[in-house]
Amino acid sequence: MRAFSGIRPTGELHIGNYLGAIKQWIELQERAECVFCIVDLHAMTTPYKPERLQKNILELAATYLAAGLNPEKCIFFVQSQIKEHTELAWLLGTITPLGELQRMTQFKEKSKKHPEYVNAGLLNYPLLMAADILLYKTEVVPVGMDQKQHVELAREIARRFNKKFGQVFQEPKALLPKNGEKIMSLQKPKKKMSKTDDPRGCIGLFDEPEEIKKKIMTAVTDRGEIIKYDPQKKPGISNLLTIYSLFSRKSIKELERKFKNSGYEKFKKSSIELLIGSLGSFRRKRKEFLTREVYVKEILEQGRKKAQIIAESTMAEAYKKMGLS
Ligand code: TYM
């Protein structure tokens with residue numbers, strides 16, 4: 001089974017990216033052929049600083065390593081280093097109706113957020129993402145909930161291509177974690193945790209203990225003092241319970257029992273301790289990888305070479321079927 005996924009190098013990652021995506025990747029690399037990408041071309045569709053991009057790419061590579069991705073067990077590389085991604089995106093664009101791209105929730109949301117920056121790249125974003133996925137004949141795409149619609153579009157495009165030109169691509173499926181597919185903001189628990197919204201609602205994977213403490217202590221909770229999972233009536237506490245459960249590997253039922261008579265403050269203090277402990281080792285490992293730039297670049301280069309072989313071969317098939325060679 002082949003798995004593919006990617007993250008945009010837009011700056012610090014948050015625990016939503018980890019719990020929704022990377023945590024699944026670590027488990028998958030043990031049982032699937034995994035390709036993980038640093039999708040720098042996607043990072044350019046919203047405002048960004050060119051002079052920071054290379055640093056962000058390297059930091060994301062160090063993060064992948066710190067989180068436990070093993071270059072012996074999976075391939076990881078930088079998207080822009082393999083030209084076939086943009087080439088295939090062009091081909092896929094020729095068989096995708098405009099309306100399907102305009103309907104994408106993320107396109108609508110991002111256009112609203114950056115009305116001064118509604119570029120054609122933002123509209124074509126899902127085509128490049130479909131190319132990323134299809135180029136590796138991917139079967140499963142481990143992502144969080146917000147990317148499910150894009151993966152479904154990639155599936156539709158694969159089906160259409162195969163029907164029109166002959167079988168080349170696998171039809172990929174999104175793989176969402178059982179829990180944690182949508183980690184919510186600590187400040188607005190009905191909205192997704194995100195790097196660009198209120199930073200107080202977003203715990204960075206590399207936040208210092210003091211920041212973690214402040215963010216959890218000021219996290220919005222709900223009326224009452226009972227620790228109970230009920231996303232409709234108690235979205236704040238339910239989100240904290242989900243986060244606690246995923247980091248501690250204890251079920252939500254078990255946690256409800258454990259904190260039955262504790263009240264919010266005691267529960268929050270225990271959450272702080274858990275998060276500081278869990279994220280501490282990440283922080284240390286990433287720092288160490290950041291001092292080994294040559295090593296990290298070498299791993300990306302090895303990944304590029306392996307990915308290139310697969311990408312070239314799929315691209316040749318697609319060209320041939322479409323009458324280009
Ligand atoms: P990106 O960089 O926005 O996010 C990376 C991953 O983190 C997940 N995620 C979350 N999961 C749970 N709760 C949250 N609050 C949360 N916020 C983010 C995302 O679902 C994602 O899995 N378009 C993609 C990158 C991409 C890609 C691909 C992914 C490009 N090509 C091919 C898979 C396959 C993106 O912008 O992710």
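# Reading the terms in this structure

Me: The shell around the ligand is made up of eleven nonpolar, ten polar and six charged residues. What makes a residue nonpolar, polar or charged?

Reply: The residue type decides: Ala, Val, Leu, Ile, Met, Phe, Trp, Tyr, Cys and Pro are nonpolar, Asp, Glu, Lys and Arg are charged, and the others, Gly among them, are polar. This is a predicted model, in which local features need pLDDT of at least 70 and side-chain atom pairs count only at pLDDT 80 or more, while totals for chains, interfaces and linings use all residues. Residues are numbered from 1 along each chain as its sequence is written, and side-chain values use heavy atoms, with hydrogens and water left out.

Me: Which of the residues around the ligand come nearest?

Reply: Of the 27 residues around the ligand, these are Arg8, Tyr125, Asp132, Asp146 and Ile183. A residue is near a molecule or strand if one of its heavy atoms lies within 4 Å of it. Strand S1 (2–7), helix H1 (15–28) and helix H6 (120–135) each give the shell at least two residues. Helices (H or I, at least four residues) and strands (E, at least two) are DSSP runs, numbered from the N terminus.

Me: What makes a pair of N or O atoms a polar contact?

Reply: The two atoms must lie within 3.5 Å; within protein, one must be able to donate a hydrogen and the other to accept it, and residues adjacent in sequence count only if both atoms are side-chain atoms. For aspartate 146, a polar side-chain atom lies 2.4 Å from an oxygen atom of the ligand. With glycine 16, a polar backbone atom is 3.1 Å from a nitrogen atom of the ligand. The ligand taken alone exposes 730 Å², of which the protein buries 98%. These areas come from the Shrake-Rupley method with a 1.4 Å probe; for residues, only the protein chains shown count as cover.

Me: Why does phenylalanine 259 count as buried?

Reply: Buried means under 20% relative accessible area, exposed over 50%, and partly exposed in between (1.4 Å probe, protein chains only). Phenylalanine 259 has 5% relative accessibility, so it counts as buried. This residue lies in the loop between helix H10 (252–258) and helix H11 (263–290). Contact means heavy atoms within 4.5 Å. Leaving aside neighbours within four places in sequence, phenylalanine 259 is in contact with Ile227, Tyr244, Phe267 and Ser270.

Me: How do you know that histidine 150 counts as buried?

Reply: Its relative accessibility is 3%, so the label buried applies. Histidine 150 is found in helix H7 (residues 148–165). Apart from neighbours within four places in sequence, histidine 150 is in contact with Met104, Gln106, Tyr125, Pro126 and Met129.

Me: Why is the pair of tryptophan 25 and tyrosine 64 called edge-to-face?

Reply: Rings of Phe, Tyr and Trp (its six-membered ring) pair if their centres lie within 6.5 Å; planes under 30 degrees apart count as stacked, over 60 as edge-to-face and the rest as tilted. Tryptophan 25 and tyrosine 64 have 5.3 Å centre to centre and 75° between the planes, so they pair and are edge-to-face. Tryptophan 25 lies in helix H1 and tyrosine 64 in helix H2 (residues 50–67), so the pair ties together parts 39 residues apart in sequence. Both tryptophan 25 and tyrosine 64 are buried.

Me: What makes the pair of phenylalanine 289 and tyrosine 295 stacked?

Reply: Their values are 6.3 Å centre to centre and 15° between the planes, so the rings pair and are stacked. Phenylalanine 289, at 14% relative accessibility, counts as buried. Tyrosine 295, with a relative accessible area of 34%, is partly exposed.

Me: What is the phi of lysine 137, and what is that of arginine 249?

Reply: Most residues other than glycine have a negative phi. Lysine 137, not a glycine, has a positive phi of about 50°. Arginine 249 also has a positive phi, near 60°.
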